[in-house]
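Please study the sequence and the structure before reading each solution.

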Amino acid sequence: QLLQQQLHNPQQLPPAIFIQLYYQLMGQAPDLPKLIFRSLQDPASAEHQIVSRVFGRFLQQTLANLQQMLQRPGVLWPGLNAQNAVLSCLSLSVFPFLLPELVKNLLQIELTPAFLTQLGQHQQVLLQQGLGPVGDDTHA
């Protein structure tokens with residue numbers, strides 16, 4: 001529901017909305033993505049059965065909605081694959097929560113609501129503009 005409400009915001013790309021909403025939700029329980037990830041590693045485990053039952057339908061619907069949003073005209077650059085873009089969005093959204101403590105310490109980051117808000121804004125700019133102009137030395 002939150003995702004559908006946010007889609008009417010013309011200032012943001014749908015993938016950026018997805019990532020920012022994910023950060024808002026997971027920021028309340030930052031260890032939940034690690035628990036889900038670990039639980040889904042062994043299909044024979046009881047944890048896998050429970051987590052897949054609880055999150056399976058939600059995840060299926062969320063991924064279908066995201067892929068549908070990415071297939072809308074004008075959302076992706078021509079030639080980009082919507083399924084690959086879904087994987088990119090998942091990577092951008094989930095990986096900060098899966099970072100090992102060593103990496104978080106080396107980067108001096110803490111997954112606070114303020115940091116996640118700032119990271120979500122950064123991800124929006126990254127998705128809209130990329131990391132930098134390729135072959136353009138005017139910003140050197």
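Angles under 35 degrees count as roughly parallel, over 145 as roughly antiparallel, 65 to 115 as roughly perpendicular and the rest as oblique. The model used here is predicted.

**Exercise 1.** Determine which elements make up the chain.

Solution. The chain contains seven helices and zero strands.

**Exercise 2.** Describe how α4 and α5 are oriented to each other.

Solution. Two packed helices are described by the angle between their axes and the distance between the axes.

Step 1. The angle between α4 and α5 is about 120 degrees, and their axes lie 9 Å apart.

Step 2. The crossing in which α4 passes α5 is right-handed.

Step 3. On the side of α4, the contact is formed by L63, L66, Q67 and L70; α5 contributes A82, Q83, A85, V86, C89 and L90.

Step 4. Sorted by class, this contact of α4 with α5 comprises eight nonpolar residues, two polar residues and no charged residues.

**Exercise 3.** Identify which residues touch the most other members of the largest nonpolar core.

Solution. Step 1. This core has 18 residues, and those touching the most other members are Y23, L66, L70, F97 and L116.

Step 1. At least two core residues come from each of α2 (14-26), α4 (46-70), α5 (82-98) and α7 (113-129).

Step 2. Leaving aside residues up to four places away in sequence, L116 touches Y23, G27, F97 and L111.

Definitions and conventions. Residues are numbered from 1 along each chain as its sequence is written. This is a predicted model: local features need pLDDT of at least 70, side-chain atom pairs count only at pLDDT 80 or more; totals for chains, interfaces and linings use all residues. Side-chain values use heavy atoms; hydrogens and water are left out. A nonpolar core is a set of buried Ala, Val, Leu, Ile, Met, Phe, Trp, Tyr and Cys residues joined through side-chain atoms within 4.5 Å. Buried means under 20% relative accessible area, exposed over 50%, partly exposed in between (1.4 Å probe, protein chains only). Helices (H or I, at least four residues) and strands (E, at least two) are DSSP runs, numbered from the N terminus. Contact means heavy atoms within 4.5 Å. Axes are lines fitted to C-alpha atoms, for helices over the stretch in contact, and angles run from 0 to 180 degrees between N-to-C directions. A crossing is left-handed if the near helix is turned anticlockwise from the far one by less than a right angle, and right-handed if clockwise. Ala, Val, Leu, Ile, Met, Phe, Trp, Tyr, Cys and Pro count as nonpolar, Asp, Glu, Lys and Arg as charged, and the others, Gly among them, as polar.
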